[in-house]
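Please look over the sequence and the model shown here before reading on.

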Amino acid sequence: MSSDEAEIRKSVDSHGVICVAGGIDDNGKLIPPNVAIDRLGTLADYVICEADGARGLPLKAHGENEPVIPIGTNQTILVMGIDGIGKEISSTCHRPNIYAGLVGLSEDSVVTPELAMKVVNSEGYGTRILINKVETKEQMEVAKAMRRYATVPVVAGSIRNGEYACL
């Protein structure tokens, strides 16, 4: 999609949902558009930005300069995978040393629902939490246990299956 504002508005009006980027980098990732995020907010009802990745791991601790949250953001949805629960920090968390440090444990400690939410709460980046990959009754029970420790609203479900529940 072009970064021309008139073309963006026209595409939003005709398609409803569009993706705007400045191109694709050598790694196949989208480059931010040339139009400022706050300006995009005047061209559409909602603007969704992916702020951060976790290198394919279900859990993450953020680095010093993360997450990159655009000015004017009024909601942030922290996405985490239920499949990180019950595994060692070292094998399931991006930046395991930071993750372990946030809870005062070693990287070989096992992530529990309480521990995962302690990290999320200590970082304080989400106004909402989406616990993804919840596809069984057992996983939903774990998600509900996590909700008990959350300080913001929680949704659990499966993006792949299009099934969600507000907890």
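## Terms and basis

Contact here means heavy atoms within 4.5 Å, and helices (H or I, at least four residues) and strands (E, at least two) are DSSP runs, numbered from the N terminus. This is a predicted model, in which local features need pLDDT of at least 70 and side-chain atom pairs count only at pLDDT 80 or more, while totals for chains, interfaces and linings use all residues. Residues are numbered from 1 along each chain as its sequence is written, and side-chain values use heavy atoms, with hydrogens and water left out.

In helix 5 the residues Leu115, Ala116, Met117, Val119, Val120 and Glu123 are buried, where buried means under 20% relative accessible area, exposed over 50% and partly exposed in between, with a 1.4 Å probe and protein chains only. The cover over these buried residues includes strand 3 (59-60), strand 4, helix 3 (89-92), helix 4, strand 6 and helix 6. Just after helix 5, glycine 124 has a positive phi of about 65°.

## Where helix 4 meets helix 5

The axes of helix 4 (residues 96-103) and helix 5 (residues 113-123) come within 9 Å and cross at roughly 90°; axes are lines fitted to C-alpha atoms, for helices over the stretch in contact, and angles run from 0 to 180 degrees between N-to-C directions. Helix 4 is therefore roughly perpendicular to helix 5, given that angles under 35 degrees count as roughly parallel, over 145 as roughly antiparallel, 65 to 115 as roughly perpendicular and the rest as oblique. On the helix 4 side the contact is made by Tyr99, Leu102 and Val103, and on the helix 5 side by Leu115, Ala116, Lys118, Val119, Ser122 and Glu123.

## The nonpolar cores

A nonpolar core is a set of buried Ala, Val, Leu, Ile, Met, Phe, Trp, Tyr and Cys residues joined through side-chain atoms within 4.5 Å. The largest one has 27 residues, and those with the most contacts inside it are Met80, Tyr99, Val111, Ile129, Ile131 and Met146. Strand 4 (77-81), helix 4, helix 5, strand 6 (128-132), helix 6 (137-147) and strand 7 (154-158) each supply at least two residues of this core, and helix 5 gives the most, with five residues. A second, separate core of seven residues includes Ile8, Val12, Val35 and Leu43.

## Helix 6

The buried residues of helix 6 are Met140, Ala143, Ala145 and Met146, and they pack against strand 4, helix 5, strand 6, strand 7 and strand 8 (163-166).
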